[in-house]
Each structure stands twice: as C-alpha cells, then as structure tokens.
Amino acid sequence: MVSRDPEDPVQRARQWPRASYCYLLDADADLAQEFDIRMRMVVRQVATVVVFEIAVGDCDPSQWSTPGAAAPGLLLLDGTIAVDVHVGDRTATELIGPGDLLQPWDRDTDELLEPSTAWHVLVPGRIAVLDAGFAERIRPWPQILIALLRRAGRRACDLDVQRAIASQPRLEVRLTLLLWHLATRWGKVEPGGIRLSLPLTHRLLGQLVGAERPSVSHALARLSDAGLVTGRADEWHLHGTVEQHLAFLVDRVDHRAEGAFANGGRPLAPARHD
C-alpha cells in the first residue's frame, strides 16, 4: 500500500518540483561519524529527508517548510546563502554554508522592533528539510540532534566573531579580518596565500562589516595597492598571512601618527572609519 502520510519524505518529494528523497547520513557524512558501522546502517534507513535544489537568486524558505516546534529546521548540504536582516535603513548579512542549521520560522510577536529577513542564494546547492517527521524517526538516536545542536552553536560563535570584526574602527582592518575569517571555511591554499572563491560584491562586503559600498571600494583599492588583497567580486586572493596583513596595517597607522606629529599635530590625510 502507498503511504499517504504527509510527513513521509517520499510522498513529499513527489509533490514538489526540484525535490528529491535521500538518506541524510549519505548526504552529510559528518553526521554518520556519530555511529559505528553496524549502527550507521540501521540509522541510515530511517534518517531520510526531502532535499531541494536551490538556484542562484532570491529565495523564500517558507516554500520548503513550515514552522513547527518539533522541527529541527533546514540543513544546508551544499552551496552558500546570504541571509540579510533589515532594521530601519540598515542591513546586516550572515553567510550560511554547508552543514549550517537554520530555523527560518516566524519571529516572536512580542518583539518591539520590526526586522525583516531576505535570503539570497550565492552558490547553488541543496537544502534538506528536517521536519517534525524526521525528528520523530530519529528519536531513538539523539546523537544526530546533539550533532545538529553543536552546528547551531558553531554558527553562533561565527556570528560573534563577525560582530567583533565589525566593531574594529578602521575599515581596512575590518575587511582584512573578515576575508581571513571567511577563508578559514571557504578558502583554498595557493602559492603565496589563500584563494577565496565566493561571489562577494562590494555591497555584500559592506553589509558583512557595517560599511557603505563606496567606502568598501576605496578600502579594497588601498589593500590592493599594498599587495595584500587582489581579485574581483567572485574570486579574491589574500597574499601572505593574516599576521603580515595586520602588521602592515599597524605599521601604516604608526607612520600616519609620525607624519601628523611632524606636521605640527595636523593629520596628513583623513582616516577612513566608515
């Protein structure tokens, strides 16, 4: 008999275009490490999910799932998503990558502010729906939920680092630290430095570090002239090491201070802090 259970992943996959059914432990090998070989084979059969293919462009997470207290959320398997949060006339952005767990549910009605959220797929990939049915199927194996909880904690730590970076007063320092922070996860080692293959426009970089796009363009030009960061919006090259970058920027500040002192205390050029 064919199952009519609305939470059945096979039935849900058939109802949606660009959706498929898969075993989560196959799609996310790190979750499989929580089990020995024999137990992995048992859990694999029940840890099934619906997976959606996501294309570059704006997207609405509500098309993949609906709010639910028992649903763990959405798990990004491949690709990169930018999540914009708008408050007033300002926008802050977070980059979501493979292995990140999201819960794009309705915000608390008791909030006094009225933020809005927009999702943009930067790199195409796949996203798995961990709904209430999935949570019920894996209930005998809490190791999976614990691993997902650790993922959520890691994401919070990454946001804390990004917030600390955005508090730096000098824009060149903010951009340098941000690019090296992103390179930890998305970068690839190349001769003389790191290659960061992400579609990071100047506007997006500004939303990540709290700066306007023109200021970001000027700051990147200064970093390029110094031979620290080169590239374009879809591929950046970090030359040297983060220690060398920061040492150069600190040395530049010291030279500015010496020049201002020699000029009778008047700065030779305005510093950029926006």
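Reader: OK, so two strands pair if DSSP finds at least two bridges between them. Then what's the bridge partner of Arg 232 in β11?

Author: Glu 235 is the partner of Arg 232. Keep in mind that this is a predicted model.

Reader: And how many bridges join β10 to β11?

Author: There are 4, and β10 and β11 run antiparallel.

Reader: What's the strand order in the sheet they sit in?

Author: It goes β8-β9-β11-β10, an open sheet of 4 strands with antiparallel pairing. From one strand to the next, the twist averages 20°.

Reader: Why is one side of β8 and of β10 left without a neighbour in the sheet?

Author: Because β8 (187-190) and β10 (229-232) stand at the edges, where each has a single partner strand.

Reader: Switching to helices: at what angle do α8 and α9 pack?

Author: Helix α8 (residues 202-209) and helix α9 (residues 213-225) pack at about 100°, and their axes are 8 Å apart. The two are therefore roughly perpendicular to each other.

Reader: Which residues meet there?

Author: From α8 you get His 202, Arg 203, Leu 205 and Gly 206, and these meet Arg 213, Val 216, Ser 217 and Leu 220 of α9. By class, this contact has 3 nonpolar, 3 polar and 2 charged residues.

Reader: What else is Leu 205 in contact with, leaving aside neighbours within four places in sequence?

Author: Among its contacts are Leu 175, Leu 178, Leu 200 and Trp 236. Leu 205 is also one of the residues with the most contacts inside the largest nonpolar core, which has 31 residues.

Reader: Which element gives the most to this core?

Author: That's α7, with 9 residues. There's a second, separate core too, with 21 residues, including Val 43 and Phe 134.

Methods
Residues are numbered from 1 along each chain as its sequence is written. This is a predicted model: local features need pLDDT of at least 70, side-chain atom pairs count only at pLDDT 80 or more; totals for chains, interfaces and linings use all residues. Side-chain values use heavy atoms; hydrogens and water are left out. Axes are lines fitted to C-alpha atoms, for helices over the stretch in contact, and angles run from 0 to 180 degrees between N-to-C directions. Angles under 35 degrees count as roughly parallel, over 145 as roughly antiparallel, 65 to 115 as roughly perpendicular and the rest as oblique. Contact means heavy atoms within 4.5 Å. Ala, Val, Leu, Ile, Met, Phe, Trp, Tyr, Cys and Pro count as nonpolar, Asp, Glu, Lys and Arg as charged, and the others, Gly among them, as polar. A nonpolar core is a set of buried Ala, Val, Leu, Ile, Met, Phe, Trp, Tyr and Cys residues joined through side-chain atoms within 4.5 Å. Buried means under 20% relative accessible area, exposed over 50%, partly exposed in between (1.4 Å probe, protein chains only).
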